[in-house]
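Let's walk through a structure together, one question at a time. Please have a look at it first.

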Amino acid sequence: MSVFYVPAVNLIGRGVINEFGSHVKELGFKKALIVTDHYIASSDILPKVTVPLEADGIEYVVFEDVDPNPSCKNVYDGLAVLKENNCDFIVSVGGGSPQDTCKAIGIISNNPEFADVRSLEGLSPTNKPSVPILAIPTTAGTAAEVTINYVITDEEKRRKFVCVDPHDIPQVAFIDADMMDGMPPALKAATGVDALTHAIEGYITRGAWALTDALHIKAIEII
């Protein structure tokens, strides 16, 4: 049996971020927790997300304390902000680190029996879907916005661990090159190579099948 997980809605192309406000309004959400990092929070990227929310009268709070290779502490701090502000959905803005942090926050919020993020390592046996997530990547390569995986750093044991959970997948992914153009050239190249590496390994893995082959071959061609 082959299983293929992707968000229910994927908006792909330049300018799709302009549809962000209308999608939030259509989904009926009231208050967002925006999960990002310090760089994006201080750049001209974040207003592309917040301005549409303000235009539609949707409240939001920004959690910008995500570190590269996000830690357990990042998850717990973000979870506290989510609860304190009664946010009913999460918006992840950034590369793999904000995306992964967002998933862990959303999962623990709706599955409090996994309050220790370390308990989610491996195939996570959660019972409820995450708090709804709208994912907006600003890099290529990690694909965290469309996968069921996330990686957290255990500061105490100085290691990373991987969590795999279909309940963490975003509801909507906004894949917009306009959100990625501001990357420094070196980072742009590195994330492009990352995407190419994933496409190659996805094609040669033993779990490959007809649909994934088609996507990976096309991805290799495009890159």
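Here are some questions and answers about helices, strands and a few loop residues.

This is a predicted model, in which local features need pLDDT of at least 70, side-chain atom pairs count only at pLDDT 80 or more, and totals for chains, interfaces and linings use all residues. Residues are numbered from 1 along each chain as its sequence is written, and side-chain values use heavy atoms, with hydrogens and water left out.

Q: Which elements do the buried residues of helix 1 pack against?
A: Helices (H or I, at least four residues) and strands (E, at least two) are DSSP runs, numbered from the N terminus. Buried means under 20% relative accessible area, exposed over 50% and partly exposed in between, with a 1.4 Å probe and protein chains only; contact means heavy atoms within 4.5 Å. In helix 1 (residues 20–27), the buried residues are Phe-20, Gly-21, His-23 and Val-24. Their packing partners are strand 1 (9–12), helix 3 (47–55), strand 4 (89–94), strand 6 (133–137) and strand 9 (172–175).

Q: Why are the buried residues of helix 1 on the same side, and how wide is their arc?
A: The buried residues are Phe-20, Gly-21, His-23 and Val-24. They lie on the same side of helix 1 because the arc they cover around the axis, taken from the directions from the helix axis to the C-beta atoms, is only 165°. On the other side, Lys-25 and Glu-26 are exposed.

Q: Is strand 4 enclosed or open, and how many of its residues are buried?
A: Two strands pair if DSSP finds at least two bridges between them. Strand 4 runs parallel to strand 2 (residues 31–35), joined by 4 bridges, and pairs with strand 6 in the parallel sense over 5 bridges. Strand 4 is largely enclosed by the rest of the structure, because the number of its residues that are buried is 6 of the 6.

Q: Which residue of strand 6 is the bridge partner of Val-93?
A: Val-93 has its bridge partner in strand 6, while Phe-89 in strand 4 stands opposite Ala-32. The partner of Val-93 is Ile-136.

Q: Which strands are at the edges of the open sheet of 3 strands?
A: This sheet has the order 5-8-7, with mixed pairing. Strand 5 and strand 8 (residues 159–164) run parallel, with 2 bridges between them. The edge strands each pair on one side only, and they are strand 5 (122–123) and strand 7 (149–154).

Q: What is the angle at which helix 6 and helix 7 pack?
A: Axes are lines fitted to C-alpha atoms, for helices over the stretch in contact, and angles run from 0 to 180 degrees between N-to-C directions. Among the residues that meet are Leu-196 and Tyr-203 in helix 6, and His-216 and Ile-220 in helix 7. The axes of helix 6 (residues 185–204) and helix 7 (residues 210–222) are 9 Å apart, and the packing angle is about 145°.

Q: Is Asn-86 buried or exposed, and what is its relative accessibility?
A: Asn-86 sits in the loop between helix 4 (72–84) and strand 4. Although Asn-86 is not a glycine, its phi is positive, about 50°. Asn-86 counts as exposed because its relative accessibility is 63%.

Q: Is Ser-130 buried or exposed?
A: Ser-130 lies in the loop between strand 5 and strand 6. Leaving aside residues up to four places away in sequence, Ser-130 touches Gly-106, Ile-107, Asn-110, His-167 and Asp-168. Its relative accessibility is 10%, so Ser-130 counts as buried.
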